[in-house]
Amino acid sequence: MELGKALDYRDLAALAIHHYKEMLDPDYHHLPYFFAKIGSDESFAWHSEWDFGDAVGRFLDASILCGEIVGDRLGRDAEERLKEALRWMQSDEDGLFYRMSNDWDVPAGANMFDQRSVFLGLLSWLRFDQEEEARTRIERMLKGMRSIAVERDDYICYPFETYVPGMEVPDRIYTEHGFIVEPTHYGGGVFILPLAIYYEWTGDPLAAEMLEKLTTFIVKHSRVFEADGSFWSKGRYPDDGHFHSKMGAVAGILRYAAIKQDRELIAWVQKVYDWACGMGSTYGWFPEGTGLNGEEPVDERYRWLPGIIQHSETCCTTDMIHTAIYLAKNGNTACWDDAERFANTLVASQVRDVTWAKTVTDKPDTPTRTYRDVPQRYRGGFTGRMNPNDFSNRGKVDTMACCCAAGGRGLYLVWDNATSLNGDKLDIQLWINKENEHVKMEYEVPEAGVLRIQPKQAGDLRIRVPGWLSTDAIACHTPRRQRVTLSLPYLIIEGLEAGETVELSFPAELVKREEIVAGHAYVGAWIGNRLFDVSPSGVMPMNKALIMK
Ligand SMILES: [Zn+2]
């Protein structure tokens with residue numbers, strides 16, 4: 001098998017920005033199109049209810065983050081348009097972000113999931129553009145979110161999917177089967193992640209209060225997660241068992257637990273994460289939903305949901321990478337390997353080759369649908385709903401804007417956390433190609449078994465040895481024959497001068513490994529933590545999606 005060239009996230013991130021720029025609707029406030037069909041018969045994209053706060057917030061976030069990877073903010077013009085869309089959607093009265101009047105019959109209102117995605121966009125706007133406007137908008141949204149929260153005992157929650165001013169908030173917020181709406185999707189769960197990041201940066205007391213009370217709601221009162229960490233659907237709501245909202249909330253709870261160094265809460269997250277790992281693959285494929293576990297659904301309408309859903313969401317991959325990285329940072333260093341392996345699905349899900357797709361040239365765009373150059377414009381997005389061995393969902397390229405943006409965010413999480421500088425100590429956790437102001441790192445697999453690291457400042461270097469590689473198999477070349485010490489899982493080289501290079505060489509052999517994914521057996525072809533194929537092949541084989549030409 002031809003294995004192609006080494007992976008460079010800069011190429012993937014630059015292409016992702018192309019997608020974020022091109023998929024905005026110039027005739028409607030530059031909102032992205034949430035759904036798209038990329039097909040050999042026709043290709044088009046269309047608007048949905050998720051194009052407002054959810055897609056705009058996520059696209060802004062992902063475009064900025066991918067610009068950081070590339071080292072050049074290629075998407076800046078589009079980002080300014082997305083900021084303008086956020087200004088348009090934020091209410092002067094309550095600070096919440098609203099779905100506005102539209103031609104595709106979406107009711108107006110402030111959807112609870114949307115607030116979370118907007119918050120992520122505002123955070124990247126604040127951190128990387130350092131514009132106070134973003135902070136002001138966050139503060140107004142937080143006040144609005146606090147004022148509409150329902151408070152009971154030791155927690156707050158949102159017992160509605162969409163807030164509309166003047167609406168009657170139900171007094172009875174539980175039924176006999178659980179909370180009145182899906183607690184992580186709408187009840188406040190997914191809001192915890194951006195809230196925790198904001199609190200980490202600012203120490204804001206309102207954020208602190210909301211974090212504590214929303215976390216208490218999810219962990220102690222929501223009845224989403226069982227004592228063993230499981231979150232099977234019970235068939236209560238359409239988003240019951242929805243993996244992304246569960247693990248998105250869990251990633252947020254972990255960020256909060258890490259700030260507080262709450263070991264009990266970190267252990268709770270580890271338990272949910274371990275269970276969630278069993279729902280997917282070691283290479284980052286995770287199902288859109290967990291489905292029913294042999295039980296009858298609470299609501300007859302959800303009878304169609306047996307077992308583990310056979311298609312993915314890239315959103316889930318990014319949530320699992322996020323959780324793995326923060327578990328690793330908080331003591332479980334084996335989770336670095338999980339994050340590195342999960343990133344394979346980010347690579348596999350990116351839409352890079354569209355030569356097979358048909359561009360529709362004989363239909364004009366409508367207010368709800370675009371045909372113009374859709375395959376070409378779509379390049380760089382991350383498809384959702386892949387099968388474990390198939391770029392497509394049984395022949396259908398089934399994609400969503402949430403996943404397109406989650407892919408960019410996932411790349412950034414891996415790229416950003418791959419290295420860290422603390423004083424004069426440089427840590428290498430993930431083996432990728434990366435260059436920033438502190439380090440140049442070259443990882444040559446599959447072309448060669450080489451990792452080359454050039455710190456840009458004098459100091460000590462710690463390199464994490466991945467679980468797949470024995471330290472005995474590594475030859476470490478230091479520039480002045482410095483001593484290499486081992487403190488597992490790290491190799492340590494002290495006293496490097498700025499610009500000196502350390503090179504590790506090791507055997508890079510293709511290994512085949514079988515695993516059960518969502519109930520079916522697949523064989524992966526790996527070198528270390530990088531995946532090159534999954535067999536048996538699906539309709540659109542994974543090797544085409546995994547190998548860099
Ligand atoms: Zn998604």
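Three strands form an open sheet, in the order 23-24-25, with antiparallel pairing. Strand 23 (511-517) and strand 25 (530-535) stand at the edges. Each has a single partner strand, so one side of each is left without a neighbour in the sheet. From one strand to the next, the twist averages 35°. The model is predicted.

- Strand 23 and strand 24 (residues 520-527) pair in the antiparallel sense.
- Seven bridges hold this pairing of strand 23 and strand 24.

- Is Val534 buried or exposed? Val534 has 27 C-beta neighbours inside 10 Å, so Val534 counts as buried; the cut-off for buried is 20 or more.
- Leaving out residues up to four places away in sequence, Val534 touches Pro388, Asn389, Tyr522, Gly524 and Met542.
- Of these, Pro388 is 146 residues from Val534 along the chain. The C-alpha atoms of Val534 and Pro388 are separated by 7.9 Å.
- Tyr522 and Gly524, also touched by Val534, fall within the range of strand 24, residues 520-527.

**Strand 16 and its two partners**

- Strand 16 covers residues 439-443.
- Which residues make up its covered face? They are Val439, Met441 and Tyr443.
- Lys440 and Glu442 form the uncovered face of strand 16.
- In a regular strand, side chains alternate between the two faces of the sheet.
- Strand 15 (residues 434-435) runs antiparallel to strand 16, and two bridges join them.
- Lys434 stands opposite Met441 of strand 16, a residue on the covered face.
- Strand 15 and strand 16 make a hairpin, with three residues between them.
- On to strand 17 (residues 450-455): five bridges join strand 16 to it, again with an antiparallel run.
- Lys440, from the uncovered face of strand 16, has Gln454 in strand 17 as its bridge partner.
- Strand 16 and strand 17 also form a hairpin, and six residues lie between them.

**Helix 7**

- Helix 7 has 17 residues, 205-221.
- Why does its length agree with expectation? At 1.5 Å a residue, helix 7 should span 24 Å, and its end C-alpha atoms are 23 Å apart, which agrees.
- The buried residues of helix 7 are Ala207, Met210, Leu211, Leu214, Thr215, Phe217, Ile218 and Val219.
- What do these buried residues pack against? Their partners are helix 5 (132-148), strand 7 (155-157), helix 6 (192-202), helix 8 (243-260) and helix 9 (263-277).
- Just after helix 7 comes Arg223, with a positive phi of about 60°.

**Two domains**

- The domain assignment gives domain 1 (12-417) and domain 2 (421-505).
- Their C-alpha centres lie 34 Å apart.
- How many residues take part in the contact? Domain 1 gives nine residues and domain 2 gives nine residues.
- On the domain 1 side, helix 11 (335-349) and helix 13 (401-417) each supply at least two residues.
- Helix 11 gives the largest share of that side, four residues.
- By class, the domain 1 side has five nonpolar, two polar and two charged residues.

Conventions. Residues are numbered from 1 along each chain as its sequence is written. This is a predicted model: local features need pLDDT of at least 70, side-chain atom pairs count only at pLDDT 80 or more; totals for chains, interfaces and linings use all residues. The expected span of a helix is 1.5 Å times one less than its number of residues. A residue is buried if 20 or more other C-beta atoms lie within 10 Å of its own, exposed if 12 or fewer, and partly exposed in between; C-beta atoms are placed from the backbone. Two residues are in contact if their C-beta atoms, placed from the backbone, lie within 7 Å. Domain bounds come from an automatic or database domain assignment. Ala, Val, Leu, Ile, Met, Phe, Trp, Tyr, Cys and Pro count as nonpolar, Asp, Glu, Lys and Arg as charged, and the others, Gly among them, as polar. Two strands pair if DSSP finds at least two bridges between them. Axes are lines fitted to C-alpha atoms, for helices over the stretch in contact, and angles run from 0 to 180 degrees between N-to-C directions.
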